[in-house]
Amino acid sequence: MNVLLIPHPFRGEAAAFSARIAQVLEERGHTVCALPESLPALRQAGVSPLPFAGNANLAAVIGGDGTVLHSVRSLLAHDLPIWAVNYGHIGYLTDCEPENAFDALQNILAGNCQTETRILLEGEIEGPSGQNARFTALNEAVIHRSALSRALKLELSVNHSPLQTFSADGLIVATPTGSTAYNLSAGGPILMPGSENLVITPVCPYMLGGSSIVVSGNDTVGVRVSLPPPEEDGSDRLPMIVVDGCEKIALRGGEHITVRRSETVVRLVRTRQDSFYRTLQKKLAQNL
């Protein structure tokens with residue numbers, strides 16, 4: 001088996017733990033490789049991985065949810081199952097804590113594991129002059145005003161049919177995976193991770209009954225954003241789209257954003273037996 005090691009980029013303890021994972025793998029005759037950006041930290045920790053050439057069987061992520069989200073973006077073209085050890089805070093996307101990682105790894109090497117399939121979002125931003133930008137998200141795409149601007153006017157449609165127009169600080173379009181992230185903090189519902197629905201949640205809407213809307217995974221969500229008045233306009237006052245907390249795309253006004261389910265999926269390796277509800281209960285209790 002070829003294993004791609006991806007440690008948290010700024011935590012030395014994650015790289016050191018990755019070195020222990022690499023030692024176990026190599027002692028059992030497996031090959032360890034790494035992305036170019038991970039090579040310096042791993043080599044400093046005493047690991048000499050091969051450069052990743054796209055031929056791995058598993059991606060082992062040593063970090064939190066943010067590291068998993070970054071890794072997904074790097075691995076979209078390779079369809080690798082991802083096993084994650086929690087070296088972060090919440091760890092919804094991870095399989096286990098460091099103290100359980102070597103037992104979990106033993107199960108994976110023995111084939112005693114399962115994979116969960118998670119859907120992705122794909123989006124397109126169409127500018128008024130014809131310029132387009134595209135993005136992919138595992139958690140969510142968030143349209144948000146800047147810190148200094150007024151509320152945004154948002155025109156929401158589903159399957160090209162106008163649904164409602166309202167003012168708000170922003171709007172979240174989330175997958176079931178992302179439903180326990182910013183969507184939950186904004187008062188949105190939790191979706192089962194294996195479902196194929198999308199959830200649309202306004203952020204601080206200026207209207208009564210500004211509830212979330214759950215739509216089918218076959219639906220297309222459209223949003224047009226109107227900027228605040230000209231006196232509010234400035235380089236530090238423009239709204240933006242934030243994708244999985246990793247990518248920021250500034251909006252200049254007049255863009256139309258389209259979001260739908262992607263045909264690409266992510267596979268997360270699971271060795272634990274806890275149900276989603278039990279995992280959710282534990283994670284929420286940790287953050288009270």
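**Panel A. Ile190 in the loop between helix 5 (182-185) and strand 11 (198-205).** Helices (H or I, at least four residues) and strands (E, at least two) are DSSP runs numbered from the N terminus. The model is predicted: local features need pLDDT of at least 70, side-chain atom pairs count only at pLDDT 80 or more, and totals for chains, interfaces and linings use all residues. Residues are numbered from 1 along each chain as its sequence is written, and side-chain values use heavy atoms, with hydrogens and water left out. Ile190 is partly exposed because its relative accessible area is 34%, the classes being buried under 20%, exposed over 50% and partly exposed in between (1.4 Å probe, protein chains only). Beyond its neighbours within four places in sequence, Ile190 is in contact (heavy atoms within 4.5 Å) with Ser179, Thr180, Leu184, Phe276 and Leu280.

**Panel B. Leu80, a buried residue of a loop.** The loop that holds Leu80 runs between helix 3 (65-75) and strand 5 (82-86). With a relative accessible area of 9%, Leu80 falls in the buried class. Leaving out neighbours within four places in sequence, the contacts of Leu80 are Leu4, Phe52, Ala56, Asn57, Leu58, Ala59, Leu75 and Arg267. Thr271 is 191 residues from Leu80 along the chain, and their C-alpha atoms are separated by 16 Å.

**Panel C. The buried residues of helix 3 and the strands they pack against.** Asp65, Thr67, Val68, Leu69, Ser71, Val72 and Leu75 are buried in helix 3. The packing partners of these buried residues are strand 1 (2-7), strand 4 (58-63), strand 5, strand 6 (114-126) and strand 16. Leu75, one of the buried residues of the helix, is also among the residues in contact with Leu80.

**Panel D. Asn159 and His160 in the loop between strand 9 (152-158) and strand 10.** Both residues have a positive phi, although neither is glycine: the angle is near 55° in Asn159 and near 70° in His160. Asn159 has a relative accessibility of 36% and so counts as partly exposed. His160, at a relative accessible area of 70%, is therefore classed as exposed.

**Panel E. Ile172 in strand 10.** The relative accessibility of Ile172 is 0%, so the residue counts as buried. Not counting residues up to four places away in sequence, Ile172 touches Glu140, Ala141, Val142, Tyr182, Asn183, Ala186, Val199, Ile200, Thr201 and Val203. Between the C-alpha atoms of Ile172 and Val259 the separation is 11 Å, and these residues are 87 apart along the chain.

**Panel F. The largest cavity and its lining.** A cavity is a set of points on a 1 Å grid over the protein atoms alone where a 1.4 Å probe fits but cannot get out, and lining residues have an atom within 4 Å of a point. Three cavities of 30 Å³ or more are counted, and the largest has a volume of about 40 Å³, the space filled by probe spheres set on points joined across faces, edges and corners. Phe135, Ala141, Ile143, Leu171, Val173, Ile241, Ile257 and Val259 line the largest cavity. The elements that contribute two or more residues to this lining are strand 8 (140-144), strand 10 (161-174) and strand 16 (256-270). The lining is made up of eight nonpolar residues, with no polar and no charged ones; here Ala, Val, Leu, Ile, Met, Phe, Trp, Tyr, Cys and Pro count as nonpolar, Asp, Glu, Lys and Arg as charged, and the others, Gly among them, as polar. Ala141, one of the lining residues, also touches Ile172.

**Panel G. Gly12 in helix 1 (residues 12-27).** Gly12 is classed as exposed because its relative accessibility is 51%. Leu42 is 30 residues from Gly12 along the chain, and the separation of their C-alpha atoms is 9.2 Å.

**Panel H. The whole chain, for orientation, with its six helices and 16 strands.** The radius of gyration is 20 Å, close to the 19 Å from the globule rule for 288 residues, so the chain is as compact as a globular protein of that length; the radius is taken over C-alpha atoms, and the rule is 2.2 Å times the number of residues to the power 0.38. The C-alpha trace spans about 65 × 35 × 35 Å along its principal axes. Buried residues make up 49% of the 288 in the chain. Of the contacts with a separation of 6 or more, 67% are between residues 24 or more positions apart.

How values were computed
1 Å grid on protein atoms, 1.4 Å probe; cavity = no way out; pocket = protein on both sides within 12 Å on 5 of 7 lines; lining within 4 Å.
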